[in-house]
Amino acid sequence: MIKTVETISRIDQLIRLQATGNPKSLALRLGISKAKLYRIIDLMKRLNAPVVYNATAQSFVYKKSVSLNLGFYPIAI
């Protein structure tokens with residue numbers, strides 16, 4: 001699970017830079033299969049990340065601005 005969270009964080013960074021490259025090159029960069037990449041992208045979408053692939057930019061991008069927050073945070077009582 002930690003590896004998946006780290007991979008999501010890395011993909012998020014690359015998306016923000018519009019530097020993911022095509023799916024094949026991104027999977028190679030991350031050291032995972034293309035199928036696993038698509039499973040992780042699907043997971044991100046299920047977590048409400050508006051991820052799409054932009055063929056012109058040859059990068060995954062967000063359709064709207066979002067932030068990624070992973071972890072536990074104290075709540076005010």
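A residue counts as buried here when its relative accessible area is under 20%. The model on screen is predicted.

Start by selecting helix α1, residues 2–16. Within α1, colour the buried residues: T7, I8, I11, D12, L14 and I15. They cover an arc of only 165 degrees around the axis, so they sit on the same side of α1.

Now show what lies over them. The cover includes α2 (23–30), α3 (34–46), β1 (51–54) and β2 (59–62). Just after α1, select Q18, which has a positive phi of about 50 degrees.

Next comes the largest nonpolar core, with 16 residues. Those that touch the most other members are I11, I15, L37, I41, M44, V51 and F60. Two or more residues of this core come from each of α1, α2, α3 and β2. Select I41: setting aside neighbours within four places in sequence, this residue contacts I11, V51 and F60.

Finish with the salt bridges, of which there are two. In α1, select R16 and D12, four residues apart, or about one turn of the helix. Their side chains meet at 3.0 Å, N to O. D12 is buried at 7% relative accessible area, while R16 is partly exposed at 43%.

The other pair is D42 and R46, with closest N and O atoms 3.2 Å apart. Both belong to α3, where four residues separate them by about one helical turn. D42 is partly exposed at 38% relative accessibility, and R46 is exposed at 57%.

Conventions
Residues are numbered from 1 along each chain as its sequence is written. This is a predicted model: local features need pLDDT of at least 70, side-chain atom pairs count only at pLDDT 80 or more; totals for chains, interfaces and linings use all residues. Side-chain values use heavy atoms; hydrogens and water are left out. The expected span of a helix is 1.5 Å times one less than its number of residues. Buried means under 20% relative accessible area, exposed over 50%, partly exposed in between (1.4 Å probe, protein chains only). The arc is that of the directions from the helix axis to the C-beta atoms. Contact means heavy atoms within 4.5 Å. A nonpolar core is a set of buried Ala, Val, Leu, Ile, Met, Phe, Trp, Tyr and Cys residues joined through side-chain atoms within 4.5 Å. A salt bridge is a side-chain nitrogen of Lys or Arg within 4 Å of a carboxyl oxygen of Asp or Glu.
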